[in-house]
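Subject: Structure handover

Hi,

Here is the structure I promised to pass on to you. My notes on it follow below, so please have it open while you read.

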Amino acid sequence: MRRTNPTTSLRGRVAAAVAGLAAAAVLGALGTAPASADSTVAARNLPPDGRTLSLMGQDSDTLADYKRDVLDQSALGAPAPGGVTLYTNLVLGGNPEPLAGMNGPANWGAGTVDFNSTLAQYPGAAVAVGLYLSDATTGCNNQPLRAIIGTNDSDVTSGSPNLITRYRDKVDEMVTKLKGYDRQVFLRIGYEFDGPWNCYNADFYKQAFAYIKGRIDALGATKVATVWQTAAWPLNTSTDHPEWNYVVTDPHHFDAWYPGDQYVDWVGMSAFYSAGSVNTQWGCSATDTAPADLQDRVLNFARGHGKPVMVAESAPQGYDNGAGTKSCIMRKSPAATDANTIWNEWYQPYFDWIAKNRDVVRAAAYINTDWDSQTQWQCADGAQAGGPGCSNGYWGDSRIQANPTIRDRFLDQLRGSGWANG
């Protein structure tokens with residue numbers, strides 16, 4: 001299944017799994033980061049003292065609700081997130097216009113995105129920006145990427161001004177706006193580059209990434225870090241397009257997409273499933289590689305390049321915290337469950353996985369969203385992912401405030417000494 005709009009993440013996946021401990025044991029599991037953590041990775045905007053930056057997202061409506069329902073409830077004593085996640089696009093000729101959300105409120109069917117309102121509600125918080133660069137809805141010709149890098153193709157060189165000039169002007173406008181926020185920015189350039197729903201050409205993608213990084217440096221945007229984010233999608237897809245390099249079982253898969261150490265500050269990844277939750281989430285569909293193993297491959301790739309990892313998107317896909325149900329993500333078939341099961345299958349393994357890999361996992365963004373309320377992510381009972389009534393698979397409701405048990409345990413985790421919060 002593929003997304004047709006630039007908003008939130010993806011298609012169907014999630015990160016985490018296995019076992020459950022009491023809240024006190026949970027804090028102990030998080031513990032303190034290894035003393036040597038900062039000696040193994042280096043990057044712009046790296047949190048100090050081996051800590052992991054916590055972020056919440058991923059649209060302005062969701063973030064306003066989180067502030068009202070969690071942060072503003074003094075009795076909860078909730079730690080403020082160290083950052084927020086939002087989205088924008090850089091695709092000319094589409095609707096909404098390029099830099100939507102940054103230049104004014106926009107909604108792609110996945111909640112309102114309004115940088116000005118969210119950054120005002122979260123003063124001082126870092127912002128992770130998902131930058132959409134795909135022309136998937138108009139033929140997958142990679143025109144935005146080709147224009148940014150300045151190919152000699154007639155469709156980008158014709159006109160006055162031509163598309164190369166227009167796209168590059170928009171890149172500079174975006175970088176200037178990000179610099180003007182005067183806060184840490186994590187720019188996820190062409191996020192989920194190897195998600196087949198984006199149909200990026202690997203070579204064009206790498207060159208466009210390098211060009212945008214060059215403009216960040218040339219314009220003196222020293223607080224803007226680049227994030228190279230894989231979808232960690234466990235299916236081989238579009239094998240009839242070898243230039244897309246969507247064969248995740250290829251041991252050189254990530255090498256084919258990597259722009260180079262000089263351009264990448266952070267390795268990013270989507271993490272929606274793992275050992276404890278995978279039997280539920282993928283119970284009605286096979287994978288080409290084990291999702292948890294693929295996620296660990298991302299971590300090892302980052303270690304090999306001395307880069308920190310940002311878990312740029314994560315949520316318990318297929319679970320509904322409010323209704324107390326869980327379902328396979330490729331065909332909606334919710335079954336009754338309870339908060340303890342949801343916690344033990346997804347949340348506890350998620351936090352344990354971060355704690356275990358804190359030498360490299362230095363930022364983690366959680367998507368605190370009622371997916372079922374957003375038209376882009378809605379899925380009818382019994383519908384098949386990618387088919388009528390379920391274009392992007394089944395997601396559920398990942399709001400922690402939808403269940404007090406999950407909410408309290410989640411906040412206890414973020415109080416651990418390993419986290420850098422707001």
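Two strands count as paired if DSSP finds at least two bridges between them; helices (H or I, at least four residues) and strands (E, at least two) are DSSP runs, numbered from the N terminus. This is a predicted model, so local features need pLDDT of at least 70 and side-chain atom pairs count only at pLDDT 80 or more, while totals for chains, interfaces and linings use all residues. Residues are numbered from 1 along each chain as its sequence is written, and side-chain values use heavy atoms, with hydrogens and water left out.

With that pairing rule, 4 strands make an open sheet of mixed pairing, in the order S12-S11-S10-S14. At its edges are S12 (335-336) and S14 (396-397), each of which pairs on one side only. S12 is antiparallel to S11 (residues 325-326), over 2 bridges, and Ala-335 in S12 is the bridge partner of Lys-326.

Next, helix H7 (residues 163-180). Its 18 residues reach 25 Å from first C-alpha to last, close to the 26 Å expected at 1.5 Å a residue (the expected span is 1.5 Å times one less than the number of residues).

Now the aromatics. Rings of Phe, Tyr and Trp (its six-membered ring) pair if their centres lie within 6.5 Å; planes under 30 degrees apart are stacked, over 60 edge-to-face, and the rest tilted. That gives 35 aromatic pairs. Phe-193 and Trp-228 have ring centres 4.6 Å apart and planes at 20°, so they are stacked. Phe-193 is in the loop between S6 (185-189) and H8 (202-218) and Trp-228 in S7 (residues 224-230), so the pair ties together parts 35 residues apart in sequence. Both residues are buried. Tyr-205 and Trp-257, with centres 5.9 Å apart and planes at 65°, are therefore edge-to-face. This pair joins H8 to H9 (residues 253-257), 52 residues apart, and Tyr-205 and Trp-257 are both buried.

Enjoy looking around!

Best wishes

Technical notes: Buried means under 20% relative accessible area, exposed over 50%, partly exposed in between (1.4 Å probe, protein chains only).
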